[in-house]
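Please read this report beside the sequence and the displayed coordinates. It moves from overall layout to single side chains.

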Amino acid sequence: MSRSAHPAGPRHADVLPEGHYTAPADDLNALDPKVWARTVGRDADGVVTVGGIPVTQLAEEYGTPAYLLDEADFRERARAWRTAFGDDADVFYAGKAFLSRAVVRWLDEEGLNLDVCSGGELATALSAGMPAERIAFHGNNKSPEEIERAVRAGVGRIVLDSFQEIVRVAHIAQSLGKRQRVQIRITVGVEAHTHEFIATAHEDQKFGIPLAGGQAAEAVRRALKLDGLEVIGIHSHIGSQIFDMSGFEVAAHRVVGLLKDIRDEHGVELPEIDLGGGLGIAYTSDDDPREPHEIAKALTEIVTRECEAARLATPRISVEPGRAIVGPTAFTLYEVGTVKPLEGLRTYVSVDGGMSDNIRTALYDAEYSVALASRTSDAEPMLVRVVGKHCESGDIVVKDAFLPGDLAPGDLIAVPATGAYCRSMASNYNHALRPPVVAVRDGAARVVVRRETEEDLLRLDVG
Ligand SMILES: *Cc1c(COP(=O)(O)O)cnc(C)c1O
């Protein structure tokens, strides 16, 4: 099966997660803490609550569909990453997973840095007051305008992705009288996804400069000669939704090998190594993600061991988790519009959103869970497919799941773990109005990204 580009690289998309829902869970009313945000529970009436507020009340106030974001959980996860890596490493939150000005402020307050990969993300970060030196700028085709804006703002690092970009950034920095700190993104020939990784993946993808054929070494050689650049390190990002550390092990081995070659050739020990993001979260009860402190320990040990073997001082490590921080902290609340049993097949449950607010199921065959949220039910489980309201049969939100057999129009259902790559990849397909993001904390809710309106749509259409 071949699919379109994944944000982490083109070849991550077609590896399906293991295990499907073959049988209903023992208790359909239970909310598995693995897949739900930390303050989610049910109140005495059986209504799902987040941050102490029932979803029925949130639906009434903010409408559906809506992304409900557990602010306390977001801050806790961000802090856990920060604490796990300590002061000798840097955690950059990958803004592409979900970025808003509120999120930027939370990250700033919790001591995290921020990755952006477009002028729009950079503008959001700067407008919310993230100090520029804590911003990293990514992307395989940054425009000259974007580069200039980033250099002028004083971003802490630009991650260079091609030979042309090395020259382009050097030129722009020099013409502004600056020396830009940069990392060089290389592709180490490791492809990681979920429980598998391939150590000998072809470097057939748009990101980075291949280690193979001495290209990465040549890139460093050229960058070191340019006055506009201060080369601070090497960057590698190997995949997404990864549970198995062995891909990072091979990647670190290869990156450290390059650092050693650079030391031997130029007498320079580059001070930093960035191992990217891609750490997995639980979308269903079958997934078992690791805790940040385990990941930090594993990555630090790997890099330290490799550097000792190569007789290099251990460089400062940075990581770029996106999904692992924001993914579990939000869920999407929908209202059921129709329930259509297809004899001998399954029951189609149509909700008031769909592929415009969650494209991951259609794009990556992603798996999600779902729960009846506005009440509990003791009815027998029924096999359902949760679909949206778009004019497209691939408009699926949850492919296979069980919901109570008495599900009816007007019920609210919730799809957990939609904090990452849902609002940030949302579209206006069928002129859908993109849902709001409502942050909930300690019994208070506030809109951090408001719902789009028809006026918003029509304002862009100049007639
Ligand atoms: C996408 C991406 C990330 C974040 O990936 P997650 O799976 O959200 O952790 C980090 N770094 C780079 C370079 C990326 O492209």
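**Domains and cores**

The model is predicted, and its domain assignment gives domain 1, made up of 10-70 + 328-460, and domain 2, covering 138-321. The C-alpha centres of domain 1 and domain 2 lie 35 Å apart.

The largest nonpolar core holds 111 residues, of which Tyr 93, Ile 184, Ile 234 and Ile 413 touch the most other members. Helix 8, which runs over residues 246-266, gives the most to this core, with eight residues. At least three residues of this core come from each of domain 1 and domain 2. Apart from it lies another core, of 24 residues, and Val 47, Leu 68, Leu 333 and Ala 373 are among them. As background, nonpolar side chains tend to be buried together in soluble globular proteins.

Between strand 2, which covers residues 48-50, and strand 3, the antiparallel pairing extends over two bridges. Within this pairing, Val 50 has Ile 53 of strand 3 as its bridge partner.

**Aromatic pairs**

How many aromatic pairs does a search of the whole structure find? The search finds five. One of them joins Trp 36 and Phe 331 in an edge-to-face arrangement, with 5.5 Å centre to centre and 65° between the planes. Trp 36 lies in the segment before strand 1, whereas Phe 331 belongs to strand 17 (residues 330-342), so the pair ties together parts that are 295 residues apart in sequence.

The rings of Trp 81 and Phe 85 have planes at 10° and centres 5.9 Å apart; because planes under 30 degrees apart count as stacked, this pair is stacked. Both residues, Trp 81 and Phe 85, lie in helix 2 (residues 71-85), where they are four residues apart, about one turn of the helix. Elsewhere among the aromatic residues, ring pairs link Phe 74, Tyr 93 and Trp 106 into a cluster, and Tyr 93 is also one of the residues that touch the most other members of the largest nonpolar core.

| Residue | Relative accessible area | Class |
|---|---|---|
| Trp 36 | 4% | buried |
| Phe 331 | 1% | buried |
| Trp 81 | 2% | buried |
| Phe 85 | 8% | buried |

**Annotated positions and the largest pocket**

Under "binding site", an unreviewed UniProt entry lists Gly 278, Glu 320, Pro 321, Gly 322, Arg 323 and Tyr 421. Which residues from this set does the lining of the largest pocket take in? The lining includes Gly 278, Glu 320, Gly 322, Arg 323 and Tyr 421.

Arg 323 has its place in helix 10, which covers residues 323-326. Is Arg 323 buried or exposed? At 4% relative accessibility, Arg 323 counts as buried, because the class takes in residues under 20% relative accessible area.

Definitions and conventions: Residues are numbered from 1 along each chain as its sequence is written. This is a predicted model: local features need pLDDT of at least 70, side-chain atom pairs count only at pLDDT 80 or more; totals for chains, interfaces and linings use all residues. Side-chain values use heavy atoms; hydrogens and water are left out. Two strands pair if DSSP finds at least two bridges between them. Rings of Phe, Tyr and Trp (its six-membered ring) pair if their centres lie within 6.5 Å; planes under 30 degrees apart count as stacked, over 60 as edge-to-face and the rest as tilted. Buried means under 20% relative accessible area, exposed over 50%, partly exposed in between (1.4 Å probe, protein chains only). Domain bounds come from an automatic or database domain assignment. A nonpolar core is a set of buried Ala, Val, Leu, Ile, Met, Phe, Trp, Tyr and Cys residues joined through side-chain atoms within 4.5 Å. UniProt positions are given in the numbering used here, feature names are shortened, and annotations may be inferred rather than shown by experiment. On a 1 Å grid over the protein atoms alone, a cavity is a set of points where a 1.4 Å probe fits but cannot get out, and a pocket is an open set with protein on both sides within 12 Å along at least five of seven lines; lining residues have an atom within 4 Å of a point.
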